[in-house]
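Give the cut-offs behind each term.

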Amino acid sequence: MKVLIAEMIQEVSTFNPAVCDTSAFDFHEGQDVLDYYRHRPLEVGGALSVFEAEGFEVVGAFAARAKTSNGLLTAEAWNEVSSRFLNAIRNAPPVDGVYFAMHGAMGAENELDPEGYLLQEARKILGDDMPITLSLDLHGIVTDRMLQAVNAVTMYQTYPHCDMYETGARGAKLLVGLLKEGTKPVIAMVRIPALVRGDEMITETGLIGHRIRESQAFEETEGGLAAGMFWGNPFTDVPDLCSNSVVVTDGDPERAADLAVDLALKFWEDRATMQVPLVSLDDAVAIAKANEEGTVVMVDAADATSSGASGDSNAILRALVEGGYEGSGLFPVVDAPAAHAAAEAGIGATIEVTVGGTLDPARFTPLPVTARVKMLSDGAFINESWGTIWEGGLSAVLEVGKHVVIVTSQPVHLFDRSLFLAHGQDPQRFDVVVQKSPHCQPQFFRDWAAKLVDVDAPGSTSANLPYLGHTICRRPMFPMERDTQFEPEVLIFQRG
Ligand SMILES: [Zn+2]
């Protein structure tokens, strides 16, 4: 057996005004796709482990993985990456099956369902009879076009995400089932008109964990091929944005439908609890002032680069400065002009610069500071999450009084401590640290923080969902319309 692997993974916030281009991605082609991912804890590596254990020959086609999340992809960039993806499939040798690793929450200026387009076009190239399986992030936005094009689908079952490798392995096993056991997958999907955020979405400890474990138990049964929940990236305002339950059985549409409805109804019951109680900026400053020992971690999910925010928020830094806070703070801010000004002045120089507000000026106003340039770097570092390289571009460590601000030229993921540690800053040594990610693996911050405060700061990935102003997704939608009604409707997808 010979199988093909291709990847396209990016998540965007349509509320982030900073659009992105092809420089947002790491690309791999041909054999390099396999060589690069073989020993990395991501989807393609997991899929490879299964195919190689089966003795399958594996062909790498194309992989595009965004370095972090972004604003919308420009039309020009989308045309380029989609052509490269489809050309690689067109030019691949004949194979018996295909596995695609995707995210599901991409968005381009000229295409609001990029994954659906790629899968539809790939299906045309590969033919109606080609077995195709797909894996998605549980923050993916599931469209009819996506499910019509594939034979079977699986999804992450952890948040914060730590099962990319396992998800890739599950996607590969679905393909092995099609090729070796002759499974006949049926997909049932239910759309739920609700957007959710917050601690209850942590799969190990939150309410959502019950739905995940129910899905996993189903997958242990005969004919239970895949099951799970998608709750969308609420910041990807596209026509199909909502939450979904998705269930795949071997040839049993009724059983798939029953579980999909059951999961959807239980999810719906919990919708009001699956939101985030947020603390105002003023109250957050008061909490920092009152804290006597240890570090207050200020969770600034509104500017989460991994959810697609611009990363140039200075809102918490400003609130602490203006609020007369006397402790020390550590802040990551995307600000290319500040990084360049620091580089021009050199290490040890004292400069007058502004920090923040360069990308999303409607939400953030540049904050003037006097800063000492402590360190300069090219902003490239190996991260502690995946062992891959993240690139912040020209970066500087600025000392602003007792505070340290790390300015990068480009956004990087901030769901671990990598940026801080790479720049010589141990977050535990500060009184306040800004964590621009809604959730991280507990060992990175939660396990040692004196307090974690979910701050209601402005930003294009705010957990205060009504604040964002969705204009494209279907309405009514909870929590924007709190009296939204829900009557489950099952959609069935089956090929052949
Ligand atoms: Zn995700």
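Two strands count as paired if DSSP finds at least two bridges between them. Helices (H or I, at least four residues) and strands (E, at least two) are DSSP runs, numbered from the N terminus. This is a predicted model, in which local features need pLDDT of at least 70 and side-chain atom pairs count only at pLDDT 80 or more, while totals for chains, interfaces and linings use all residues. Residues are numbered from 1 along each chain as its sequence is written.

The domain assignment of the protein chain gives domain 1 (2-274 + 489-494) and domain 2 (281-463); domain bounds of this kind come from an automatic or database domain assignment. The centres of domain 1 and domain 2, taken over C-alpha atoms, are separated by 32 Å. Their contact takes 23 residues from domain 1 and 24 residues from domain 2, where two residues are in contact if their C-beta atoms, placed from the backbone, lie within 7 Å.

Next come the sheets. Strands of a sheet pair through backbone hydrogen bonds, either parallel or antiparallel.

Another open sheet has eight strands in the order β12-β13-β16-β17-β11-β18-β10-β19, and its pairing is mixed. Its edge strands, β12 (350-355) and β19 (451-454), each pair on one side only. The twist here averages 35° from one strand to the next. Strand β10 (residues 296-299) pairs with strand β18 (residues 432-435) in the parallel sense over four bridges, with Val296 opposite Val432 in β18. Helix α10 (residues 315-322) lies across β10, β11 (329-334), β12, β13 (367-377), β17 (403-408) and β18, at about 140° to β11.

Which residues of α3 are buried? A residue is buried if 20 or more other C-beta atoms lie within 10 Å of its own, exposed if 12 or fewer, and partly exposed in between, with C-beta atoms placed from the backbone. The buried residues of α3 are Trp78, Val81, Ser82, Phe85 and Ala88. They cover an arc of only 125° around the axis, which puts them on the same side of α3; the arc is that of the directions from the helix axis to the C-beta atoms. On the other side of α3, Glu76 and Ser83 are exposed. The buried residues of α3 pack against β1 (2-9), β2 (25-29), β3 (57-66) and α4 (114-126).

Two peptide bonds remain to be described. Most residues other than glycine have a negative phi, and most peptide bonds are trans. The bond joining Arg475 and Pro476 is cis, with omega about 0°, and Pro476 lies in the loop between α13 (465-468) and β20. The bond from Phe478 to Pro479 is also cis, with omega near 5°, and Pro479 is in the loop between α13 and β20.

How values were computed:
Axes fitted to C-alpha atoms, helices over the stretch in contact; angles between N-to-C directions.
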